[in-house]
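Hi there,

Here is the model I promised to pass on to you. Please have a look at it first, and then read my notes below.

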There are 2 protein chains.
Amino acid sequence: MTQDRIDLDVSVGYALKHAAAALRTSMDAALRPLDLNVSQYSCLEVLGHRPGLSVAELARATFVTRQSMHTVLQGLQDRGLLSRPASVPSGRALPTRLTPDGTHLLTRASAAVAEVEASMLRDLSAAARVRLHGDLVACTSALVEG
Amino acid sequence: MTQDRIDLDVSVGYALKHAAAALRTSMDAALRPLDLNVSQYSCLEVLGHRPGLSVAELARATFVTRQSMHTVLQGLQDRGLLSRPASVPSGRALPTRLTPDGTHLLTRASAAVAEVEASMLRDLSAAARVRLHGDLVACTSALVEG
DNA sequence: TGCGTCATGTCAGGAGTCTGACATAAAGTC
DNA sequence: GACTTTATGTCAGACTCCTGACATGACGCA
C-alpha cells in the first residue's frame with residue numbers, strides 16, 4: 001500500500017483529470033469554427049489514419065461505446081463527410097471512409113488541433129514530450145491490465 | 001509551427017485522452033460499490049480538503065459548470081452526505097460541509113481511489129511520478145493561459 | 001449439420017453535463 | 001445615492017453519452 005488517502009496537491013490522477021479537461025476545452029474552442037466537437041473530430045482523425053474501420057473499431061479507438069459512435073457517424077454521414085456501404089458481401093462490419101469533403105475538413109481540423117497541442121507542450125523540451133508520452137502510455141497500460 | 005498534422009502514435013494529446021478515459025473507467029468501477037460516480041466523489045474529496053466551499057467554487061475545483069455541480073450537490077444532500085444553510089447573513093454563496101455520514105463515506109471512497117491511482121503508477125518510480133505530475137501541471141497551465 | 005459463443009449494427013430509454021436565461025447580492029464607479 | 005460590473009444560485013431545455021436490449025452474421029466445436 002503506497003497511501004490510503006488522496007492529497008490533491010500532489011495527486012497525479014487529479015492533475016491528469018485537470019489536464020484532460022483543459023485540453024478538451026481548448027479543443028472544443030478550436031473546433032467550434034469548423035462546426036465540429038471533439039468526438040466528431042476524433043472520429044474523422046482516426047478514420048483519416050485508418051480508412052475502412054467499422055463503427056465498433058472506431059468506438060474503441062476513440063474510447064466511447066459503439067452506440068455513441070453510431071450517432072456520431074450518422075451526423076457526419078448526414079453532412080456528407082463520410083460514406084458507408086449499406087451492406088457488404090461478407091461479414092457484418094460496415095467499412096467507413098472519408099469523402100473528399102470529409103478529408104478537406106479533417107485537414108483543417110487537424111491543423112487547428114495541432115496548434116492546441118503545440119501550445120500545450122510549449123514549455124516542454126522534445127525529450128520531455130517523449131518522456132511524458134511514454135509515462136501516459138504506461139499509466140494507461142497499468143490501468144487497463146488492472 | 002511545430003507540426004500541422006497529428007500523428008496519433010506519438011500524440012501527447014491522444015495519450016492524455018486515453019489515460020484520462022482509462023482512469024475514469026477504473027475509478028467508476030472502484031466507486032460503484034459505494035454508489036458513487038466520479039463527479040460525486042470529486043465533490044466529496046474537494047469538500048473534505050476545503051470545507052465551506054460554495055457551489056461555484058466546487059464546480060471550478062472539479063472542472064464542471066456550476067449548473068452541473070448544483071445537481072450533484074442536490075443528490076448528495078438528499079442522501080444526507082452534506083449540508084448547506086438555506087441562507088447566510090452576508091453574501092450569496094452558500095457554504096457546503098460534509099456531514100458525519102459524508103465524511104465516513106469519503107474515507108472509504110478515498111481509499112478505493114487511492115488504490116486505483118497506486119495501480120496506475122505502479123510502473124513509475126517516485127521521481128518519475130513527481131516529474132509526471134509537474135509535466136501535467138505545465139500542460140494545463142499552458143492551455144489555460146492560451 | 002446443429003449449436004453455442006462472440007462480435008457487430010441498431011433501437012430505446014435514462015443519466016449526466018452543457019448552454020441559455022433570470023433573479024439576487026456584493027463591489028466598484030460616477 | 002444611482003448605475004454598472006461581477007459573481008452566485010437556480011431553473012429549463014438540448015445535447016452527448018451511457019446501459020440495456022435485440023437481431024444478425026461469423027466462427028468454433030461436437
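Residues are numbered from 1 along each chain as its sequence is written, while chains are lettered from A and ligands numbered from 1 in the order in which they are written. The model is predicted, with local features needing pLDDT of at least 70, side-chain atom pairs counting only at pLDDT 80 or more, and totals for chains, interfaces and linings using all residues; side-chain values use heavy atoms, with hydrogens and water left out.

**Chain A overall**

Chain A has 6 helices and 2 strands. Here helices (H or I, at least four residues) and strands (E, at least two) are DSSP runs, numbered from the N terminus. Along the sequence they come in the pattern α-α-α-α-β-β-α-α. Taken along the principal axes, the C-alpha atoms of chain A fill a box of roughly 55 × 35 × 25 Å. Of the 146 residues in chain A, 46% are buried. Buried means under 20% relative accessible area, exposed over 50%, and partly exposed in between, with a 1.4 Å probe and protein chains only. Among the contacts in chain A with a separation of 6 or more, 46% join residues 24 or more positions apart; a contact means heavy atoms within 4.5 Å.

**DNA strand D**

There are 23 residues around DNA strand D, and the nearest are A:Ser39, A:Ser68, A:Gly91, B:Arg66 and B:Arg92. A residue counts as near if one of its heavy atoms lies within 4 Å of the strand. Of the atoms of DNA strand D that come within 4 Å of the protein, 57% belong to sugar and phosphate.

Some polar contacts stand behind this picture, a polar contact being a pair of N or O atoms within 3.5 Å; within protein, one must be able to donate a hydrogen and the other to accept it, and residues adjacent in sequence count only if both atoms are side-chain atoms. The side chain of A:Ser68 places an N or O atom 2.6 Å from a phosphate oxygen of DNA strand D.

By class, the surface near DNA strand D has 6 nonpolar, 11 polar and 6 charged residues. Nonpolar covers Ala, Val, Leu, Ile, Met, Phe, Trp, Tyr, Cys and Pro, charged covers Asp, Glu, Lys and Arg, and polar covers the others, Gly among them.

**DNA strand C**

DNA strand C is surrounded by 23 residues, with A:Arg66, A:Arg92, B:Ser39, B:Ser68 and B:Gly91 the closest. Backbone atoms of chain A reach phosphate oxygens here: an N or O atom of A:Ala56 at 2.8 Å, a polar atom of A:Leu94 at 3.0 Å, and an N or O atom of A:Val55 at 3.4 Å. At least two residues of this surface come from each of α3 (55–62) and α4 of chain A and α4 of chain B. The surface near DNA strand C divides into 6 nonpolar, 11 polar and 6 charged residues.

**Helix α4 of chain B**

The buried residues of α4(B) are B:Met69, B:Val72, B:Leu73 and B:Leu76. They sit on the same side of α4(B) because they cover an arc of only 100 degrees around the axis, the arc being that of the directions from the helix axis to the C-beta atoms. These buried residues pack against α2 (38–49), α3 and β1 (82–83) of chain B. The face turned away from the buried side carries the exposed residues B:Gln67 and B:Asp78. After α4(B) comes B:Gly80, with a positive phi near 75 degrees.

**Single residues**

A:Arg131 lies in helix α6 (residues 126–144) of chain A and is partly exposed, at a relative accessible area of 32%. Leaving out residues up to four places away in sequence, A:Arg131 touches B:Arg131 and B:Asp135.

A:Asp35, a residue other than glycine, has a positive phi near 60 degrees. It is in the loop between α1 (12–31) and α2 (38–49) of chain A, and is exposed, with a relative accessible area of 54%.

Best wishes
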